[in-house]
Amino acid sequence: MTSGAEFGTVGWRRRHVFLMLWCALSVFYLINTTINAISQTTELTRARVHFDPIRPYVCEYSSAVFTIALVPFVAWMLKLARPGRAFRGWLRFLAAHAPATGVYCLVHVGGFWGLRKLVFLAFGGHFAGKLDLAYEYPKDLRGYAFVLALTWAAGQFAQMWERADAAKARRFGPVLDIRDGGSRLIRAPVTDIVATRSAGNYVEFHLADGRKPLMRATLAGVEEQLKPHGFLRTHRSWLVNPLRVRGMTAAGSGDWTIELDSGVEALLSRRFPQALSALRRSELLVQV
């Protein structure tokens, strides 16, 4: 449950933006790698140079694999040392990232070198390329700076997104994050939640606009979040918003059917007398 400036799960937006950036970079590197490998193959063929046809692809893709794998490392370093506004802050930033570029280069070069050896060995060949860190480091320095800049920009975008979420939360009050199916996040104002119903390992939310998202959770867990906002447990499978109740109809044996907004009908069991008392105290029109 979130409200005010704490709208949304802390850091969720940043993780979401980073994953989008990582996916975008992966696609970019793979496309660029493919173009480079095809270009090398074409140039060598036109020059009538004898070469192993898999070599350009192995060399390019092995480098791309470790470049993509090292993106989280750059993001982690940025989390540890962000650019400072003052001179000392920039000194700390440079002091942290300067050695990190060396680690980045060693892992990248050592990784693609070992991978190339393994691939050629698997095909019954031998990779005899020269390992030259002095040649690779300037390229890796540019690559590190490129990912660092994009990660910083993505973080700034995520902060703007979180501030916009916070402003929205202040306008609409408390908000519940509903992970519909686990992949889609719905930020529902509590006042828009009509009722929730247990559905096996999931909880079905009935929203005022008619949507019925499903979230993998227990009704007890959702009740813990919504109870402070007046929601009532009326049945082992139902939790209702009393502000959305229009009326009740006796169903026999002490049970009731609760009529809510959006045409939703929930159950009120005789085993929850406190909920019945609370609804009656709210001066609802009870139809017997």
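**Figure 1. The hairpin of strands S9 and S10.** In this predicted model, strands S9 and S10 form a hairpin in which 4 residues lie between the two strands. Ser 262, located in the turn, has a positive phi of about 65 degrees. Strand S9 covers residues 255-260 and pairs with S10 in the antiparallel sense, over 4 bridges. Within this pairing, Ile 258 stands opposite Ala 266 of S10.

**Figure 2. The open sheet of 5 strands.** The strands of this sheet follow the order S5-S4-S3-S7-S6, with antiparallel pairing. Strand S5 (214-216) and strand S6 (232-235) stand at the edges; each has a single partner strand, and therefore one side of each is left without a neighbour in the sheet. From one strand to the next, the twist averages 25 degrees.

**Figure 3. The pairing of strands S4 and S5.** Strand S4, residues 202-207, runs antiparallel to S5 and is joined to it by 3 bridges. Glu 204 has Leu 214 in S5 as its bridge partner.

**Figure 4. The surroundings of Cys 59.** The whole structure contains 0 disulfides. The closest cysteine sulfur to that of Cys 59 belongs to Cys 105 and lies 16 Å away, which is too far for a bond. Cys 59 is buried, its relative accessible area being 15%.

Definitions and conventions
Residues numbered from 1 in each chain as written. Predicted model: local features only at pLDDT ≥ 70, side-chain atom pairs only at ≥ 80, totals over all residues. Heavy atoms only, no water. Pairing = 2+ DSSP bridges. Axes fitted to C-alpha atoms, helices over the stretch in contact; angles between N-to-C directions. Disulfide = S-S within 2.5 Å. Buried < 20%, exposed > 50% of the residue type's maximum accessible area, 1.4 Å probe, protein only.
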